[in-house]
Amino acid sequence: MNRPFGDGEGVIETVALRDGVLHVRGRSRVPVTIRSETARVDLAKSDMEDRAFDLRLTGHRLLWVEGAGLPLLAIRLPAPRFSPLATVRTVVDFCRIPFLFGGNLAAFLFRGDAKAGDPIEAFLLRLRPASEAVPEVVPGLFAAAAPPKPAPPADIVLPVFNAADDLRVCLERLARNTPPEHRVIVIDDASTDPAIAPMLEAFADARPGTLLVRNAENGGFIASVNRGLAESRGHVVLLNSDAFVPPGWIDRLMRPILDDALIASVTPMSNEAEIATAPVICCPEPLAEGQAEAMDAIAQRLNPAAARAESPTGVGFCMAMSRRWLDEVPRFDTAFGRGYGEEVDWCRRVGERGARHLLIGDLFVEHRGGGSFGPEKAARIAAASRLINDRYPAYDASVADFVRTDPLIGPRLALGLARAGTEAPLPVYLGHRLGGGAEHWLQDRIARDLEEGGSALVLRDGPEPETVAVELYRAAGQTQAVLPLAELGGYLGAAGRKTLIYSCLVGARAPLDLAEAAALSLGAEDGFRMVFHDYFPLCPSRNLLGHDDRFCDLPGAERCQACYDRLAAIGETWPPGISDWRGRWHALAARAGTIEVFSPSSRTLVARAWPDLAPRIALQSHRLAFLPRAVRPAPRARPVLGVLGSIGFEKGAAVLRDLAAAPGVRMDIVVIGKMDEAYAHRGIRVIGRYRREEISDLAEAYGVGRWLIPSVCPETFSYATHECLATGLPVFAFDFGGQADALRGAPNGHLLPRDIAPTELAARLLAPPPSDRPAERKELTA
């Protein structure tokens, strides 16, 4: 491969995928950013030797190259190789369907019941990717554990070079939070800042036993560490001067070394510590005042047995080192120059002799990162990476595997929730996996939460029974995990103040269990809102279509139960009666401060089911980000009826088929969108996917003269109806639901009887509208 970019300013020479790691080589005369779909490296001029680069990135599908003033270059790589194991898993999933969803499968195959297939679709979409892509937590993270025993005296090696502000905080935390029996060995590497010397002297005077060593000349980080190691007597903690330790830190850090003689190094979690970074692995984030304390307060509550994992390396910002293994390899290799990569080399060397390395989640140490190295940092990292890869070719793959499986995902998530709780009440959304309008609403809300500088948490049905999939969103990225439903309360308790928002749990295996487990975590200061994107809390038939595929209008208890008994979508874990179903959801809704609906008809239906909660129902508006322009269709020999959206049974696919098949109908039907092929008819033309910006152009191109919203269920809100109204053409819909609410009062809106026959429907659609002049465009909200 030779892919030039930037008008010849650079070239990608080779891209290889080996063991899940992208190996990228090339040259560039200008600073560039190299990105896979999961990682990025920013290269400045100082990072390149003779303008060449040789990088390793996690990822496997796409490579991007970009830079200041350069257009984006995207290189698509071959898809991952065929996986026999994944194929076997998929086949097993399909074989399980008749046993898990027998009733649904029969209804889908023999009655054409589209909604009966939803749980099957949710099962397949849920299990195939989730179990492989999202790491699972180690159970028991919040189980009670004995406090650590006091650690025997250790030597804390603290190299110092300038960075007076960070050093001041580091020394203050050391003095306050470290028992006096632990000796501090300070190596001042010829700092040029005049504030450093008196600061170190004051620290040494106040802490008897401190060893203060001064280098006559600046020799770099590794030389300073080696001098400190040479002075050490017992176990060692290597501590950077920009790392700030919390109370009780050294006992927790030393515990694994005291428990197991094979442990050579122990590294805590931090906000900037590569694979020990929390909450987003390898994505550093600065901390605001008080956040480190809040995160370590949660770390102290974690069960250490479930909060540790073996790792390819330690991270030297705060790393305990066993005396046994220091006696084997007593120094860092000076081949790494003035710093970076030296602790990886030491860990790999002792690892070849049988040593192990742990990351622990029951200790969090703040790290400001890079204060002592300044602008040289990027160049040092690049040079160290080349040397490590030459010495240990499998190292990058082992790190990539650690990142992929993330055995510390539980502590990472818990610490992230603790941090999020310090910023604002954390929004916790209950969401499904089926996409659609509810997911668009959810993603818009998450984007708004992040824009406001906060976080967002999403809870979804897990890939296995009694599990929950958790997604923590931050500006730096996402932390995703699968955890036992029984342990959800421990994680949510780590978040402090929060607001639970029910969005939608359609398709969940046990939706009530998940919603109730989340609600149990709410404290006195927490909030709860229930949002009606559909009618799932009122009936498992989320669109209120009964067993006969007709809108039921929420009849009395006896008729509701008879229908409930016959619904194909009823799951084995759901209550036996509709009153039990609706009652458990009512108990949840009664805790909500507001019950949000998006149309007057939704408000009426919810109040009919739960009359005592009617005062809490709030009508909210959906503001459309885009509305089509007015349409002026050219005259056609035959009238053209337009239908907008993705049309399945509940959206009126059978209505369109019967309309097209009715005798004597003289109109063309054009679906701008998709349509269930089970209802195809030669009189219906299906355009396929579209963008909202294309609606008016497509309507004019196909000669649409009027619109039909053929939904046979009551919409909670209908985007398509508002978009059709905005074109100014006549819009027809059946007289129920949010679609009818949108047409009432609109000059081009026309309501149809619910049970109108196809021939009468055709006559109503073909009748001249009150005015052939397009209505004026106006802003439309719910």
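This is a predicted model: local features need pLDDT of at least 70, side-chain atom pairs count only at pLDDT 80 or more; totals for chains, interfaces and linings use all residues.

Trainee: How many residues of α16 are buried?

Mentor: Helix α16 covers residues 511-520, and seven of its 10 residues are buried, which makes it mostly covered. Those buried are P511, L512, L514, A515, A517, A518 and A519.

Trainee: What share of the residues in the protein chain is buried?

Mentor: Of the 782 residues in the protein chain, 54% are buried. The chain has 24 helices and 32 strands, and it exposes about 33,600 Å², with carbon and sulfur atoms supplying 53% of that area.

Trainee: Which residues touch the most other members of the largest nonpolar core?

Mentor: That core has 181 residues, and L174, W249, W346, L459, L488 and W585 touch the most other members. Helix α13 (residues 409-423) gives the core its largest share, seven residues. Another core, of 20 residues, lies apart from it and includes I709, A742, L743 and A746.

Trainee: What is W249 in contact with, leaving aside its neighbours within four places in sequence?

Mentor: W249 is in contact with I156, L174, N177, T178, V237, C318 and L363. L174 is, like W249, among the core residues named for touching the most other members.

Trainee: Now the sheets. In what order do the six strands of the open sheet lie?

Mentor: The order here is β29-β28-β27-β30-β31-β32, with parallel pairing. At the edges are β29 (684-686) and β32 (749-752), each of which pairs on one side only. From one strand to the next, the twist averages 25°.

Trainee: How many bridges join β28 and β29?

Mentor: Strand β28 (residues 668-672) pairs with β29 over three bridges, in the parallel sense.

Trainee: Which strands does helix α22 lie across?

Mentor: Helix α22 (residues 719-726) lies across β27 (640-644), β30 (706-709), β31 (731-734) and β32. For direction, use the angle between axes: α22 runs at about 170° to β30.

Trainee: Is S696 buried or exposed?

Mentor: Compare the relative accessibility with the cut-off. S696 is at 3%, so it counts as buried, because buried means under 20%. The residue is found in helix α21 (residues 695-701). Not counting residues up to four places away in sequence, S696 touches P628, R629, V631 and T727.

Trainee: How many disulfides does the structure hold?

Mentor: It holds zero. The test is distance: a disulfide needs two cysteine sulfur atoms within 2.5 Å. For C283, the nearest cysteine sulfur is that of C282, 6.9 Å away, so C283 is in no disulfide.

Trainee: How do C283 and C724 stand on accessibility?

Mentor: C283 is partly exposed, with a relative accessible area of 24%. C724 is at 0% relative accessibility and therefore counts as buried.

How values were computed
Residues are numbered from 1 along each chain as its sequence is written. Side-chain values use heavy atoms; hydrogens and water are left out. Buried means under 20% relative accessible area, exposed over 50%, partly exposed in between (1.4 Å probe, protein chains only). Helices (H or I, at least four residues) and strands (E, at least two) are DSSP runs, numbered from the N terminus. Contact means heavy atoms within 4.5 Å. Two strands pair if DSSP finds at least two bridges between them. Axes are lines fitted to C-alpha atoms, for helices over the stretch in contact, and angles run from 0 to 180 degrees between N-to-C directions. Accessible areas come from the Shrake-Rupley method with a 1.4 Å probe; for residues, only the protein chains shown count as cover. A nonpolar core is a set of buried Ala, Val, Leu, Ile, Met, Phe, Trp, Tyr and Cys residues joined through side-chain atoms within 4.5 Å.
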